[in-house]
Amino acid sequence: MRGDSKRAWVKIHINGMLNGSVRYQLEAAERATWVDLLCFAGLGIKPGVISDNDLRPYPHSFLANRFNIPIELLERTLKKCIKEGRISEDGTGIHIANWKEYQSEYQRQRISRQVKE
């Protein structure tokens, strides 16, 4: 995966994770899988999209292996996240909904990071 090799973090909203719908809609293992999906989406060539360098979707079996989880857990998490509008999935990969809105801080701070280098 190429992507923005300097991306070292993704923003996770504390209130949303502790008090929002993620807390009651996803079981503990599914929440951990959701965080893995967010991290993986930050690595891609197109931010917010989980795909290979040619913008093709990774097989679910590959993702489950990378996340070190059973394929059933991944499938269950994806199904719930699609139902709740957290993600969409098509021929180019898994798209995290509202990625630019939630990860905007990374882009804003990019200029100051470049100046420091």
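Two exercises with worked solutions follow, both based on a predicted model.

**Exercise 1.** Determine how the axes of helix H3 and helix H5 are oriented relative to each other, and which residues form their contact.

*Solution.* 
Step 1. Two packed helices are described by the angle between their axes and the distance between the axes.
Step 2. For helix H3 (residues 28-43) and helix H5 (residues 71-83), the axes cross at roughly 80° and come within 9 Å.
Step 3. Angles of 65 to 115 degrees count as roughly perpendicular; H3 and H5 are therefore roughly perpendicular to each other.
Step 4. On the H3 side, the contact is made by Ala29, Glu30, Thr33, Trp34 and Leu37. H5 contributes Leu73, Leu74, Arg76, Thr77, Leu78, Lys80 and Cys81.

**Exercise 2.** Locate threonine 92, classify it as buried, partly exposed or exposed, and describe its surroundings.

*Solution.* 
Step 1. Threonine 92 lies in the loop between strand E2 (87-90) and strand E3 (93-96).
Step 2. Buried means under 20% relative accessible area and exposed means over 50%. Threonine 92 has 32% relative accessibility and therefore counts as partly exposed.
Step 3. Leaving aside residues up to four places away in sequence, threonine 92 touches Val49, Ile50, Ser51, Leu55, Arg56 and Pro57. For isoleucine 50, which is 42 residues apart from threonine 92 along the chain, the C-alpha separation is 8.3 Å.
Step 4. The side chain of threonine 92 forms a polar contact of 2.7 Å with that of aspartate 90, and another of 3.0 Å with that of histidine 95.

Notes. Residues are numbered from 1 along each chain as its sequence is written. This is a predicted model: local features need pLDDT of at least 70, side-chain atom pairs count only at pLDDT 80 or more; totals for chains, interfaces and linings use all residues. Side-chain values use heavy atoms; hydrogens and water are left out. Axes are lines fitted to C-alpha atoms, for helices over the stretch in contact, and angles run from 0 to 180 degrees between N-to-C directions. Helices (H or I, at least four residues) and strands (E, at least two) are DSSP runs, numbered from the N terminus. Angles under 35 degrees count as roughly parallel, over 145 as roughly antiparallel, 65 to 115 as roughly perpendicular and the rest as oblique. Contact means heavy atoms within 4.5 Å. Buried means under 20% relative accessible area, exposed over 50%, partly exposed in between (1.4 Å probe, protein chains only). A polar contact is a pair of N or O atoms within 3.5 Å; within protein, one must be able to donate a hydrogen and the other to accept it, and residues adjacent in sequence count only if both atoms are side-chain atoms.
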